[in-house]
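Please look over the charged pairs and the nonpolar packing in the model below. My notes are set out as numbered points.

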Amino acid sequence: MAAVRRLRVTDRATGAVLGEVEDDGSVGAASDPTSVRSQADVTRLAPGRFEVVVDGWRFDLVVEDADRVDLRERATRTRDASGHRGPTEVRAIIPGRVASVAVAVGDVVTAGSRLLAVEAMKMENDVRSPRDGTVERVAVGPGQTVELGDVLVVIA
């Protein structure tokens, strides 16, 4: 038998508890009846999904376990470029010839700044920095041929 979960509905502005919705869709009254300003009708649509109608306004609520929400946030969180630790190797994503190098060892670069250009199929492709940092090593020079996956620049 699964444990009954309860969703507490609060007013964000005042923090007052408006009511509680149990996992089976039943509505519990707020502990302080004077804090309830509106009447809510709750319908359970599916496990964890509810339709709540408050003063004619319809809301669809999806209730998930906190662990599941945390897992989704960690999986989809964008990586903060400034929080990266350790060296980052910038590698060739296409084979070609290095047309020009725009940085030298010791240069400070920001995310998105141009590092070098690789010529492939008569087109010049800019290689940009994936994060802020300092150029630790430039592994290629102008005119050098690179293959897919070769290290071009190392950013610390």
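The points below go from the basis of the values to the salt bridges, one hairpin and the core.

1. Basis. This is a predicted model, in which local features need pLDDT of at least 70 and side-chain atom pairs count only at pLDDT 80 or more, while totals for chains, interfaces and linings use all residues. Residues are numbered from 1 along each chain as its sequence is written, and side-chain values use heavy atoms, with hydrogens and water left out.

2. Salt bridge count. Side chains of opposite charge can pair when their charged atoms come close. A salt bridge here is a side-chain nitrogen of Lys or Arg within 4 Å of a carboxyl oxygen of Asp or Glu. The count by this rule is 7.

3. Arg49 and Asp60. These two residues form a salt bridge, with 4.0 Å between the closest N and O atoms. The pair links distant parts of the chain, 11 residues apart: Arg49 belongs to strand β5 (residues 49-54) and Asp60 to strand β6 (residues 57-62). Helices (H or I, at least four residues) and strands (E, at least two) are DSSP runs, numbered from the N terminus. Arg49 is partly exposed at a relative accessible area of 35%, and Asp60 is partly exposed at 39%. On this scale buried means under 20% relative accessible area, exposed over 50%, and partly exposed in between (1.4 Å probe, protein chains only).

4. Glu119 and Arg97. The closest N and O atoms of this salt bridge are 3.0 Å apart. Glu119 lies in strand β10 (residues 114-120) and Arg97 in strand β8 (residues 96-101), so the bridge ties together parts that are 22 residues apart in sequence. Glu119 is partly exposed, with 30% relative accessibility; Arg97 is partly exposed too, with 33%.

5. Is Glu51 buried or exposed? At 18% relative accessibility, Glu51 counts as buried. Glu51 sits in strand β5, and its side chain makes a polar contact with that of Arg58 at 2.5 Å. A polar contact is a pair of N or O atoms within 3.5 Å; within protein, one must be able to donate a hydrogen and the other to accept it, and residues adjacent in sequence count only if both atoms are side-chain atoms.

6. The bridge partner of Glu51 in β6 is Asp60. There are 2 residues between the strands, and Asp55 takes a positive phi near 50 degrees in this hairpin. Strand β6 is hardly covered: of its 6 residues, the number buried is 0.

7. The core. The largest nonpolar core has 15 residues, and those with the most contacts inside it are Leu115, Leu116, Val146, Leu152 and Val153. Strands β10 and β14 (151-155) are the elements that give two or more residues to this core. A nonpolar core is a set of buried Ala, Val, Leu, Ile, Met, Phe, Trp, Tyr and Cys residues joined through side-chain atoms within 4.5 Å. Val153 touches residues including Val90, Leu115, Leu116 and Val135, not counting residues up to four places away in sequence; contact means heavy atoms within 4.5 Å.

Notes. Pairing = 2+ DSSP bridges.
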